[in-house]
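Here is a short report on one protein model. Please keep the sequence and the 3D view open while reading.

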Amino acid sequence: MSGFALLNMATTLYNNFKELLLNGGIDLDTDTIRALIIDDTTAYTPNIDTHVYVDDVTAVASEMSGTGYTRKTLNVTVSQDNTNDQGVADADDLSYTGLNAGTIQGVLVYKEVTTDADSPVIGWYESGDFPLPTNGGDVTLTINAAGMLTLG
């Protein structure tokens with residue numbers, strides 16, 4: 001079985017990310033931006049005020065674990081869209097081969113620094129295709145064609 005899901009633009013942007021973006025603490029196209037998958041073992045509800053670092057999230061949610069799963073580095077590009085008067089950050093789709101690691105609840109995007117305790121969270125991404133069970137097939141999580149984040 002193969003699975004496909006369309007990731008919408010960030011369902012949730014964390015407040016610390018907003019501040020870091022405005023003061024230059026995060027540069028989306030030059031920093032190491034990564035994604036991890038949260039499974040549905042424990043229902044995760046983002047707290048945009050208190051979830052600042054990856055370990056704030058993984059303390060209350062379960063990161064996917066199993067065959068074919070690994071955190072992914074995103075190749076982020078930033079562009080200017082004059083037609084729609086927006087700044088757009090886009091990234092490559094996330095592809096997993098032979099993924100058998102639980103049921104996908106959502107994707108957490110973050111800036112990797114050195115550890116989960118100092119790596120700030122950016123956004124929580126959901127899909128109408130979630131929850132998405134994995135059973136050893138290939139899974140592709142497609143970033144929305146409009147980009148993973150727009151400012152307009």
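**Fold.** This is a predicted model. The protein chain holds 2 helices and 12 strands. Read from the N terminus, the order is β-β-α-β-α-β-β-β-β-β-β-β-β-β. The radius of gyration is 15 Å, close to the 15 Å that the globule rule gives for 152 residues, so the protein chain is as compact as a globular protein of that length. Its C-alpha trace spans about 40 × 35 × 25 Å along the principal axes.

| Property of the protein chain | Value |
|---|---|
| Residues that count as buried, of 152 residues | 43% |
| Share of contacts with a separation of 6 or more that join residues 24 or more positions apart | 79% |

**Charge.** The protein chain carries 21 negative side chains and 5 positive ones. The centres of the two sets lie 5 Å apart.

**Backbone details.** Two loops deserve a look. Where does P131 lie? P131 sits in the loop between strand 9 (121-125) and strand 10 (132-133). The peptide bond from F130 to P131 is cis, with omega near 0°.

The other loop links strand 5 (76-81) and strand 6 (86-91), and it contains D85. D85 is not a glycine, yet its phi is positive, at about 55°. Is D85 buried or exposed? Its relative accessibility is 60%, and exposed means over 50%, so D85 counts as exposed.

Terms used
Residues are numbered from 1 along each chain as its sequence is written. This is a predicted model: local features need pLDDT of at least 70, side-chain atom pairs count only at pLDDT 80 or more; totals for chains, interfaces and linings use all residues. Side-chain values use heavy atoms; hydrogens and water are left out. Helices (H or I, at least four residues) and strands (E, at least two) are DSSP runs, numbered from the N terminus. The radius of gyration is taken over C-alpha atoms; the globule rule is 2.2 Å times the number of residues to the power 0.38. Buried means under 20% relative accessible area, exposed over 50%, partly exposed in between (1.4 Å probe, protein chains only). Contact means heavy atoms within 4.5 Å. Lys and Arg count as positive and Asp and Glu as negative; His and the chain ends are not counted. The place of a charge is taken as NZ of Lys, CZ of Arg, CG of Asp or CD of Glu.
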